[in-house]
Amino acid sequence: MTARTQAESPRGIPEATVARLPLYLRALTALAESATPTCSSEDLAAAAGVNSAMLRKDLSHLGSYGTRGVGYDVENLRYQIAHEIGLTQDRNVVVVGLGNLGQALANYAGFRSRGFRVVALLDADPRLFGTGVAGLGVRPVAELEDVVASLDVAIGVIATPASAAQDVADRLVAAGVASILNFAPTVLVVPEGVEVRKVDLSIELQILAFHEQRRSPSYVGGATGAGGHDHDVVGTDGHGRRVVAAGHGEESR
């Protein structure tokens, strides 16, 4: 088993592009809600926080090039991206680990509005068993396999301490879950064919601390390129503001 790193998704779309598709979908949803029928690549790029050249390249992977002089049909492109991401059907989610972070995730209303149904909450602490969170009763983590099978779970969210995360991941994979969102501060090792997305808030704060330090008048610069952060300045928008790509290291270039 190996920790997977891929430059391309199974459908041949670069992973950096896949990471930006939700940004475009969010921007298009806001445009649709404001009854905007079409938008230019420049307007959509500004709303998504990327530059227009990157947006056009990303959408070309979907076979969407827009119409010269008109731009993109908002509803059509919105559906196309949702279909490509896999959001045209609901997907059941189990959250494992009901500490403060796990409870916050369980209560997040944005999951359901985007097609993700939290169907079960699991924890190892007997004191939590049967307590209600977001309308669901917390169940013992010992029931993980039964929960996955009976509730047709597609995605597992791990919000446990680091020491328990690998065991939970192994059990999710053995039960048939091939998509994992990991909030535990550790690297998971999974078989080929299992997708893991890692969210580490402390790392993001450390990256911000790095940039905050560099803005300090007393900062003495180090080696060129230090930090290796995951975001690249790719240009400016129509108002002269920096546009920072939501990419992932070298894959975003």
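**Terms and values**

Author: Threonine 160 sits in the loop between strand E7 (153–158) and helix H8 (162–174). Helices (H or I, at least four residues) and strands (E, at least two) are DSSP runs, numbered from the N terminus. This is a predicted model, in which local features need pLDDT of at least 70 and side-chain atom pairs count only at pLDDT 80 or more, while totals for chains, interfaces and linings use all residues. Residues are numbered from 1 along each chain as its sequence is written, and side-chain values use heavy atoms, with hydrogens and water left out.

Reader: Is threonine 160 buried or exposed, and why?

Author: Buried means under 20% relative accessible area, exposed over 50%, and partly exposed in between (1.4 Å probe, protein chains only). Threonine 160 has a relative accessible area of 11%, so it is buried. Contact means heavy atoms within 4.5 Å; leaving aside residues up to four places away in sequence, threonine 160 touches Val96, Gly97, Ala165, Val168 and Ala184.

Reader: What class do proline 126 and tyrosine 108 fall into?

Author: Proline 126, in the loop between strand E4 (116–123) and E5, has a relative accessible area of 58% and is therefore exposed. Tyrosine 108 has 44% and is therefore partly exposed. In the protein chain, buried residues make up 36% of the 253 residues.

Reader: What makes tyrosine 108 and phenylalanine 111 a pair, and of which kind?

Author: Rings of Phe, Tyr and Trp (its six-membered ring) pair if their centres lie within 6.5 Å; planes under 30 degrees apart count as stacked, over 60 as edge-to-face and the rest as tilted. The count by this rule is one aromatic pair. The ring centres of tyrosine 108 and phenylalanine 111 are 5.0 Å apart and the planes stand at 85°, so the pair is edge-to-face.

Reader: How are H1 and H3 oriented to each other, and why is that word used?

Author: Axes are lines fitted to C-alpha atoms, for helices over the stretch in contact, and angles run from 0 to 180 degrees between N-to-C directions. Angles under 35 degrees count as roughly parallel, over 145 as roughly antiparallel, 65 to 115 as roughly perpendicular and the rest as oblique. Helix H1 (residues 15–33) and helix H3 (residues 52–60) pack at about 105°, with their axes 10 Å apart. H1 and H3 are therefore roughly perpendicular. In this packing, Thr17, Arg20 and Tyr24 of H1 meet Met54, Leu55, Asp58 and Leu59 of H3.

Reader: What makes the pairing of the seven-strand sheet mixed?

Author: Two strands pair if DSSP finds at least two bridges between them. Strands of a sheet pair through backbone hydrogen bonds, either parallel or antiparallel. The open sheet has the order E5-E6-E4-E3-E7-E8-E9, and its pairing is mixed. Strand E3 (residues 91–96) and E7 are parallel over five bridges, and E4 and strand E6 (residues 136–140) are parallel over three bridges. E5 and E6, by contrast, are antiparallel over two bridges.

Reader: Which residues stand opposite each other in these pairings?

Author: Asparagine 92 has valine 153 in E7 as its bridge partner. Leucine 122 has arginine 139 in E6, and glycine 132 stands opposite glycine 137 in E6.
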